[in-house]
Amino acid sequence: MAGFAEALAGVERWLLPPACLLCDGPVPARQNDALVCELCRSRWQPVAAPLCGRCGQPALADLECRLCAGWPEGLTRVRSAVWLRGSARDAVHRLKYEGWRRLGESLADAMRGLEPLTGRVSLIPIPLGARRLRARGYNQSERIAAALGELTGLPVRVDLLRRRRETRTQTALTPEGRQANVAGAFEAGLVAGLACVLVDDVFTTGATLAEAGAALHRAGARTVEGVTFARAEPPVSLA
Ligand SMILES: [Zn+2]
Ligand SMILES: [Zn+2]
């Protein structure tokens, strides 16, 4: 099976010359079959401290964070690797809508140093609804979690959280609308005593992560944290 996968990778390299998917620049041979070149990755802008201890949004220490103040109990810490700008936004788009599932590896690589990943935790990708999963063919968060698991050796559990119902896409909703849209959307499995880290591609208001975190918490998870590759710039009302 490994031989077959290798042969396929060889065919892919031959069909697609080693050019970066995001800038068309060359990808050096030592990066093997990376889809994104080092230059592009170096341009991704880290979400830098000082951050809100809970939601990971840039924050001043003495002000209450308006982003996570209304979150349900459960999720205690979320960290994101980079801002959703420029080629980082491009990378997410291609992973999510253009079928480049192997981009999960490049995204995971940027996330490996995030604080919630330093403990002995289980990685739980945010599940997609059945309809969206059928349409896309794969879950982008699962691709990222699988790659993170490879990089860190942490176990990936796709059996512990499921969508109870389809939710509307969050894109056009206000922060309040987002929270209402995902309320009760998740159901957790046997997570009692487990240290969980949710994995998602993008953090926007955190409503989805907070709701999934609350479900894990109610089911008895010991800790619930989250990591995302990118973080959307806050809308004016939250800045
Ligand atoms: Zn590039
Ligand atoms: Zn916060």
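I took helices (H or I, at least four residues) and strands (E, at least two) as DSSP runs, numbered from the N terminus. The model is predicted; I required pLDDT of at least 70 for local features and counted side-chain atom pairs only at pLDDT 80 or more, while totals for chains, interfaces and linings use all residues. Residues are numbered from 1 along each chain as its sequence is written, and chains are lettered from A and ligands numbered from 1 in the order in which they are written.

**Entry 1: D24**

I located D24 in the loop between α1 (2-15) and α2. D24 is not a glycine, yet its phi is positive, about 70°. I note that most residues other than glycine have a negative phi, and most peptide bonds are trans. For burial I counted other C-beta atoms, placed from the backbone, within 10 Å of a residue's own: 20 or more make it buried, 12 or fewer exposed, and anything in between partly exposed. D24 has 9 C-beta neighbours inside 10 Å and therefore counts as exposed.

**Entry 2: domains**

I took the domain bounds from an automatic or database domain assignment. The chain is divided into domain 1 (1-43) and domain 2 (45-238). I find 27 Å between the C-alpha centres of domain 1 and domain 2. Residues are in contact here if their C-beta atoms, placed from the backbone, lie within 7 Å. Nine residues of domain 1 and ten residues of domain 2 take part in the contact. On the side of domain 1 that touches domain 2, I count seven nonpolar residues, no polar and two charged. In this division Ala, Val, Leu, Ile, Met, Phe, Trp, Tyr, Cys and Pro are nonpolar, Asp, Glu, Lys and Arg are charged, and the others, Gly among them, are polar.

**Entry 3: the loop between α2 and β1**

I looked up two prolines in this loop, P50 and P58. The peptide bond joining A49 and P50 is cis, with omega about 5°. Leaving out residues up to four places away in sequence, P58 touches P50 and L51. P58 counts as partly exposed because it has 16 C-beta neighbours inside 10 Å.

**Entry 4: strand β1**

In strand β1 (residues 77-83), six of the seven residues are buried. I counted strands as paired if DSSP finds at least two bridges between them. β1 pairs with strand β6 (residues 223-231) in the parallel sense, over six bridges. V82 stands opposite A230 in β6.

**Entry 5: helix α3**

I computed the expected span of a helix as 1.5 Å times one less than its number of residues. Helix α3 (residues 86-97), with twelve residues, reaches 17 Å from first to last C-alpha, close to the 16 Å expected. Its buried residues include S87, A88, A91, V92 and L95. Seen down the axis of α3, the buried residues fall within an arc of 150°, so they line one face of the helix; the arc is that of the directions from the helix axis to the C-beta atoms. Their cover includes β1, α6 (140-152) and β6. Just after α3, G99 has a positive phi of about 80°.

**Entry 6: helix α8**

Which residues of α8 are buried? I list A207, T208, L209, A210, E211, A212, G213, A214, A215, L216 and H217. Since eleven of its twelve residues are buried, α8 is largely enclosed by the rest of the structure. These buried residues pack against elements including β1, α7 (175-182) and β6. G220, which follows α8, has a positive phi near 100°.

Terms used
Two residues are in contact if their C-beta atoms, placed from the backbone, lie within 7 Å.
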